[in-house]
Each structure stands twice: as structure tokens, then as C-alpha cells.
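Dear colleague,

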Amino acid sequence: MRTLTLFFCCVFISKTFAQDFTLVSDESNPIVSEAPIKGTFFGTSWTDINNDNKLDLFYAGTIFKNLGEGKFETISTDIPSSKEVALNSCSWADYENDGDLDLIFSWVIPKTKAETRIYKNNGNGKFTEVKTILNDIDSATWSTQWCDYNNDSHPDFILTFADKFLGNSHFPNRLYKGNKDGSFTEIKESYEFLTKLAPYTVSNWIDYDEDGDTDLFIASGPAAGVKGAAPDFIYKNLLTETGNEGFQKLTNTELSFSEEKQDGQCYNAVDFDNDGDLDVSLTNYSGTENKLYINNNGKYVKSEAPFTTTNTNNLSNTWADFDNDGDLDILITASSPKGSGYFINNGDGTFTENDSNLINAVTSGNSTGITVGDYDNDGDLDFFVVGGSKKSLFQNNLKNDNGWVNFKLIGTKSNKAALGARLQLTSNINGKIVTQKREISASNTFMGHNSLRAHFGLANSSKIDELIINWPSGAMDTFKNLDINKFYTLEEGSNTPKSSIE
């Protein structure tokens, strides 16, 4: 158990990057000063362990508690941390539905130890390892993600296994259904992704067709011993269509790119062009370029965005409106000197790379996990990136006058963390009615995820005309004429929005 270490010095910002991203470099900040892990692939996530509306950071077994005003402390837990770990994956959800976020965490020390465990949030800043069926699994799990694939309000999760990657990981994936009593049941159906050995990397739960159930996109190698790219494993959730739990593997007939050869690492479904449907992005590691598939009324067309034209060991793609102009920008990570980058959405279907050294300069060209969230609660989105022996916290000091809004969702009939909830916001931007979309997800970056709060940039909007929330339970809440530049907490079934931060 680690000792509690307090740091009360203010954050010092030294190096400034384009668009006023600044690298936090004050050694009194434990995020900066704690020694990085000397491994390869890592996930990370912003979370809120104590519901104080200040985002805390989880990275490689350590929780950095946000004290406000740029200050953090490392808190003592029984969550394992090792400086020799090779890879780790994390995901946060309220699996007990008791009002605080719990952790599922997988980590591997090659030839020594491999574990995936659930850590219950006790609500007092402490975490307890939960004895589950996972305690019988000691294997090199590549990644793990919470979801609620059957919309029963009890979070489920998946483990992916990259066969042959670490030499001892000869397992198909495993899917576990959450039960009302807090236990889990392994799904034993004969789906290919649960029976076939393959170099599975990261799974992402995405409601790509917006039918109310979350679909499964599993990126896949190839890893050691496998030559050439191969199709990923993409499954449609059949809950809405049939009323029963089930998955259908998609072919090019149902989803035009599902059989294309990839070296997949991370999927996202976003409406980057604000045209009302979800486009799909994928980072590939080698053998083929990254992809951005533009959804044209159900037909997907490859974009020639600048981040899709190279083959540079890419891992994560994460989307957020960093300049608050009303459309989604993208950050890319890579374990190569030229692979990562920050690309600004120009609002016309094109992107411009902004400061290619933003990540490379501080990660020595080796970046893997990334997480986005407004940790300083100033209305713009910050990010933390990790890879190899480097880790970096970037603060967004945006100086334009663009508006914004930020939502924390609480499920009642749905799972408490609102995983799978979809938000649709309409406002007037530059004299045009613009609709933006977000989905609450615990699996939208490489081996980790962004903050569970939903952020929208609003440019010159004076108010939010309408916000529609489609909850996993099937309920729909509608709010009209909301104020901008505020943090809201919205509870399922309530028509009264609450201010999270005054």
C-alpha cells in the first residue's frame, strides 16, 4: 500500500503549444513527478472517484485525486502498481449502481504476473478488490471495457486477448454479464469472437446505428506470428431488433467496410460533420492506413483526411471539440516519431494539422493511451497522454469567446453511470441550426476512455435550443432553452437540470 502524498503547490506551465495547449511541468504536481512505468502499451482515464465534480486521473494503478486549482494528490489504494508492467487497460462504471464509480483494471508483467480485477469504490476514497470469477483468470488480457449491452442497468464487461502477442495468451475473448446482486455470469454463446483465437486488441462499444443498443467493434492485430492485415471483428447488437440478447457479425452487405483488411487498434463513431449520422474512425498500427469512413445515408465512403494518409504505428484516436467551435477535432497517438498529431476540424469536412509536435515533443515519439476531460473546470477540454517512459498532462488555455456546455448524466432506470446514453444538442451557430451528438462511453480510447461527462462546444450560440437524451432504458428526456457556459447534472426522468458547479 502506498503512502499518502500531498502536494499543494500551484501548477506551473512552461512550454506552450499551438492553440494554447500548455504542458504542465511543475514537479510538485504528482502527475508530473511520479516516475513513469517502463512498459509498452497503457490505457488511462479521467474519472471522478468522489462525486465532487472535479476530474481525477487514473493511470497504471495510481489514482491522482483532483484537489482543484490545478492541484493533485496521489491516494493510497490496494490497486496494484508496478514500474515493470508491460501493458494495462482500465475502465470505470458504477457496476453496483450505488452512486460512485468502480474500476476494472487489467495489467501484465511479462513472464511474472497477469491479472484482471474489479475494485469497488467504497465511497470514502478507498477501493476494495472484489472477489469475482476473474480471480480464476491469470492471463495476458489485452484490454477490458465496461458496457451495458443488454440495457438491464447492470454493467457488463469484455476481456480481449491478443493471441501470441505475449507468448502465453492463448485465449479467446470473454464476455461477462452483470447480475442484480453484483456478480457476473460468463456468456458461453458460440460467437466467433468468444471461440476463435486471434490477435484481438481493443474492443469499443458503440451504438453506430443509433438504435438504442450498443454494438461491438473489436479491433484486431495482427500480432506476432501473423502476417498481413485482416478484417476486424464487428458485431451488431440484436437486442432492439429481436428483444433478446444476441450479436450478429457484420459483413460488407450490412456495413460496407466491415470486411476490409485492417491492423485495428481503436474504433470511434462520431458525427464529425454534424449531418445527423455517425461516421466511423479507426486507427491502424501497420500494413494499412488509418480510416475515417464518412456516413452518407448508410453508405460509408473513405475520407482523405490528413490523418488517414500515412502508416505510422497509430494506436488511439480520440474526438473532442477542443476549440469549442461546434465540431469535433481529433488527437492521434502512435508509437513512432511521426505518427501522433492534433487535427482541427475546419467545419467543411476537412481537417488541418495543428502543431505536429504537440505530443511527439514530450513523449519522444512513443504515445499510446490518451484521455480527454475538463479537469480544471474552465469550459475547455484538457488531455493526458502516456506511452513508453513518458507521460504528459496538457492544459487547454483557450482564449476565444466560444461558448460551451458540459453534462454529467445519472441513470435511474438505466445504469447509474449512463453508459450508452446518447445526447443530441441543437443550437444556432453562425446563423445556422446545428445539431451535435455525443455518447457516454467507457471504451472510446486505446485501452482506456475519456471523461464520462459530455462536452459540447457552442461557438457563438447564445443558448441551447434543445437537448434530447436517449437513455439505455429506452426513456427519452428533452430539455429546451438551457443556458450555455455551465456544468449540468441531469438525472434520468427528471425535467429539472441541476448546476454541477456554481
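In the residue classes used here, Ala, Val, Leu, Ile, Met, Phe, Trp, Tyr, Cys and Pro count as nonpolar, Asp, Glu, Lys and Arg as charged, and the others, Gly among them, as polar. By these classes, the lining of the largest pocket divides into 15 nonpolar, 13 polar and nine charged residues.

The model is predicted: local features need pLDDT of at least 70, side-chain atom pairs count only at pLDDT 80 or more, and totals for chains, interfaces and linings use all residues. Residues are numbered from 1 along each chain as its sequence is written, and side-chain values use heavy atoms, with hydrogens and water left out.

Pocket and cavities

Both terms rest on a 1 Å grid over the protein atoms alone: a cavity is a set of points where a 1.4 Å probe fits but cannot get out, a pocket is an open set with protein on both sides within 12 Å along at least five of seven lines, and lining residues have an atom within 4 Å of a point. Grid points are joined across faces, edges and corners, and a volume is the space filled by probe spheres set on the points.

The largest pocket has a volume of about 590 Å³. Its lining comprises 37 residues, of which Trp319, Arg438, Glu439, Ile440 and Asn444 lie nearest the centre. Strand 22 (264-270) is among the elements that give two or more residues to this lining, and its four residues are the largest share. Strands (E, at least two residues) are DSSP runs, numbered from the N terminus.

There are three cavities of 30 Å³ or more.

Core and cysteines

A nonpolar core is a set of buried Ala, Val, Leu, Ile, Met, Phe, Trp, Tyr and Cys residues joined through side-chain atoms within 4.5 Å. Buried means under 20% relative accessible area, exposed over 50%, and partly exposed in between (1.4 Å probe, protein chains only). The largest core has 67 residues, and Ile118, Trp146, Phe157, Phe407, Leu409, Leu423 and Leu467 touch the most other members. Strand 9 (residues 102-109) supplies the largest share of this core, five residues. Not counting residues up to four places away in sequence, Phe407 touches Leu423, Arg453, Phe456 and Leu467, among others; contact means heavy atoms within 4.5 Å.

A disulfide is a pair of cysteine sulfur atoms within 2.5 Å, and the structure holds zero of them. Cys90 is buried at 1% relative accessible area, and Cys266 is buried at 0%.

Two further residues

Ser303 lies in the loop between strand 25 (299-302) and strand 26 (314-320). This serine is buried, at 12% relative accessible area, and, beyond its neighbours within four places in sequence, contacts Leu292, Ile294 and Thr308.

Asn428, in strand 34, is partly exposed at 34%. The C-alpha atoms of Asn428 and Ser461 are 5.4 Å apart, although 33 residues separate the two along the chain.
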